[in-house]
Each structure stands twice: as C-alpha cells, then as structure tokens.
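Hi,

Here's the structure I said I'd pass on.

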Amino acid sequence: MLASVAAAQTSTMSLTQVLAANNSTLSMLNSLLATQPTLTNMLTMAKDITILAPSNDAFSKWVQNPTNKMAASNSAMLAMVLEYHVLNGTHPSSAFTTTMNFIPSMLKGNMSMSMGSMNMMNMTMTMVTGGQVVGGIKSGNKVELMSGLKEISTVQTADIMFSGGVLHIIDTVLTVPMAPSTSAIDSQLTALAGALKKTNLLTAVDSLRDVTIFAPSNAAFQAIGSAANTLTEQQLAAILEYHIINGTVGYSSLLTTGLANQSYPTLGGGEVKIEAVGGKVFVNSAQVVITDVLVSNGVMHVVNNVLNPANSTATPNPTATTQPIVFAGVSSATSVPFTSGISVTTTAPSASTKTAAAGRVEGQIGAVGVAALLGVVAAL
C-alpha cells in the first residue's frame with residue numbers, strides 16, 4: 001500500500017527523492033548506487049529513461065551467491081550490472097504488450113577491470129548496436145522482464161514516476177547476457193560449444209557484432225553423430241558458420257514479421273531462408289524450438305536440426321512433427337558428439353524445451369551470468 005501511494009505521488013519528484021521515498025524496499029540499491037558516484041550523477045541528470053530497480057529481497061537472493069557478492073564489491077562489475085537495469089526511453093507498464101518487446105539498455109561497449117589475480121581489462125560487454133537489450137512482456141496483469149539465459153524478473157511495483165522517467169521495482173536481479181560460447185554451455189548446448197572449440201571459432205564468433213545465431217540442440221548434433229569423426233575441421237567450421245547471420249540481430253518479434261519469408265547471407269557465405277508458417281518458425285527446414293537466448297553480441301535461437309550449407313534449398317513441412325535430416329548417409333550416435341572436455345555449468349531456463357511461439361521461459365534466476373564473466377566457467 002505504501003509503495004502504491006509513493007508511486008502515485010512521484011510524478012514531479014527527482015530520482016533522488018523517489019529512491020529515498022522507497023528506501024524501505026530499495027535500501028540495498030541505494031547503498032550500491034552510493035558507491036557509484038559517476039553513474040548516480042548520470043542517472044539523476046538523465047531524461048527519458050526507465051529504471052528497473054531490484055528490491056532488497058532481489059539483491060539479498062543475488063548476493064547469496066559468493067560470485068555475485070564479490071561482484072557487488074567490485075566497482076567496474078557493479079557498474080555493468082546496474083547499467084543493464086537502465087532502459088532507454090520511458091516505458092510505463094501500460095506500454096508492454098503480450099508480444100515480447102526488446103528494449104536497449106545503458107549497457108554498452110567495453111569494461112576495464114581486474115579482480116584479484118584475474119586481469120580482465122578491456123572486456124567487451126556488449127556488441128549490440130544501440131546497447132544490450134532487455135525483453136519485456138505483459139503476462140496476465142504483470143510485466144515480466146527477460147534477460148540473459150532467458151531468466152525472468154517480474155515487476156512488483158510499477159510506474160513510480162520521477163522527473164527523468166519511470167521506475168519499476170523488480171523481484172530479481174537481471175542476468176547480463178554473456179558471449180555465445182559461454183551462453184551455449186550455460187544453456188546445455190554442449191555440442192555446439194565443443195564444435196566451436198574444435199574448429200577454433202570460439203574467439204571469432206564471440207567477437208562478432210550484431211549476430212543472429214541458430215544453435216543446433218544437442219539432439220540435433222547427435223542425429224548426425226556418425227559424421228562427427230569424418231568431417232574435417234574445415235567442413236565442420238563451414239557448417240557452424242552457416243548457422244550465423246552477421247550484421248542482423250533477429251529477435252523473435254522479427255522472425256515472424258520483418259525477417260520472415262526472406263533469405264539472408266550467413267557468415268560462411270551461403271544463404272538461409274527464414275519462414276514463419278502455422279505458428280512455427282523455420283530456418284531452411286530446421287524448426288526454431290527455443291527463442292531469444294540473449295548473448296553479448298546479439299541473440300541465439302535453438303533449432304532442432306543441423307543446417308547443411310550443401311543443402312541450402314531444404315524446405316520444411318510445417319504440418320510434420322519432425323523434419324528430415326539434411327545430411328545424406330548419416331546416422332545418429334549413441335552419445336552427443338563434440339562434448340569431450342566440455343563441462344556443463346548450470347541448467348538455465350534457456351536449456352528448457354520450448355516452442356518458438358512461447359517466446360519466453362519461466363524459471364528461477366541464477367548467478368551464471370556473473371559467474372561466467374568472472375571465469376568460473378573456464379572449461380573452454
């Protein structure tokens with residue numbers, strides 16, 4: 001009730017006044033902002049922004065993880081996390097719809113930092129033009145926000161207006177999207193991670209800007225498992241590059257509209273065709289089964305078949321429950337290929353089986369984003 005009263009009375013209040021008025025819920029955020037004078041000053045001067053403010057309970061959950069607790073005490077790391085909670089534009093709860101909207105945040109460019117014995121200077125935190133995004137959607141009478149690894153945070157108190165925009169109190173700290181190679185491991189796409197490692201494409205893929213990656217599931221790689229030992233490194237690299245559209249970030253909202261029913265050049269040079277039909281999305285003949293795994297340089301969608309650059313004319317049968325394998329003469333393997341030496345770090349919501357129409361995955365927040373950044377998932 002008190003939060004609702006505060007929300008109704010803050011349209012002419014400054015950000016500083018709003019944060020003070022809601023200190024009973026946001027005291028941990030206020031304490032963290034006090035260690036970030038440059039960012040705090042920028043926020044108090046900013047106009048037309050939306051602040052996603054984690055509650056005390058959200059931060060309490062977050063710092064229970066030792067890695068996050070360490071990050072909270074590191075100025076550069078903390079600044080990165082907080083910047084991801086500031087969206088460009090004023091977005092009241094009424095602006096969100098039942099279609100996922102992807103909104104750029106203040107998180108941009110590089111971060112220079114070190115932590116203990118780890119030298120992490122000049123890390124590129126996002127290579128998405130305009131800033132890393134947060135997904136927002138109306139679910140019933142609530143607004144849900146999707147961050148890295150499809151983690152979901154719910155708005156608890158909406159529309160606390162201040163002179164520079166609007167603030168929403170959220171129940172979970174957002175997960176900063178990480179590099180594709182790290183996100184693949186955290187999403188249990190271990191075959192993809194291993195294939196990238198085997199072909200020495202890890203750094204190249206992670207360093208691209210504005211990408212859409214169609215990531216074959218482990219089951220998709222297992223279905224062509226007999227080819228694992230016969231493909232040369234160059235052949236495997238060509239297959240992987242055929243799954244990447246460079247220069248276009250195709251979130252799910254675009255796959256069914258602006259990007260649908262068109263062909264796009266891939267990193268390897270060939271073209272893939274995106275089709276939206278019957279409530280499903282296909283890339284050539286492979287179906288998108290999980291959408292919108294946000295990564296540091298774009299977005300990753302999971303597909304249920306491995307694409308074949310030598311069979312680029314493969315088309316889907318939208319009414320079929322499965323699509324045929326597009327590699328001739330192959331058979332499935334008893335185990336998932338390319339996974340030797342790849343350690344699974346977590347089971348994120350992005351690893352769950354969902355249809356493209358779902359557009360989001362429910363789940364509890366994890367510390368995997370920050371943990372990955374700090375080198376905890378150094379398996380590669």
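Phenylalanine 59 and tryptophan 62 are both buried (under 20% relative accessible area with a 1.4 Å probe, protein chains only; over 50% would be exposed, and in between partly exposed). They form an edge-to-face aromatic pair, at 6.1 Å centre to centre and 75° between the planes. For pairing, the ring centres of Phe, Tyr or Trp (its six-membered ring) must lie within 6.5 Å; planes under 30 degrees apart are stacked, over 60 edge-to-face, and the rest tilted. The two sit three residues apart in helix H5 (residues 56-63), so about one helical turn separates them.

Phenylalanine 221 and phenylalanine 338 are another edge-to-face pair, with 5.9 Å between centres and 90° between planes. Phenylalanine 221 is in helix H11 (residues 218-223) and phenylalanine 338 in the loop between strand E18 (298-303) and helix H14 (368-373), so this pair ties together parts 117 residues apart in sequence. Phenylalanine 221 is buried at 1% relative accessibility, and phenylalanine 338 is buried too, at 15%. The whole structure gives three aromatic pairs.

Overall, the protein has 14 helices and 18 strands, and 54% of its 380 residues are buried.

Before you use any of this: it's a predicted model, with local features needing pLDDT of at least 70 and side-chain atom pairs 80 or more, while totals for chains, interfaces and linings use all residues. Numbering runs from 1 along each chain as its sequence is written, and side-chain values use heavy atoms, leaving out hydrogens and water.

Cheers

Definitions and conventions
Helices (H or I, at least four residues) and strands (E, at least two) are DSSP runs, numbered from the N terminus.
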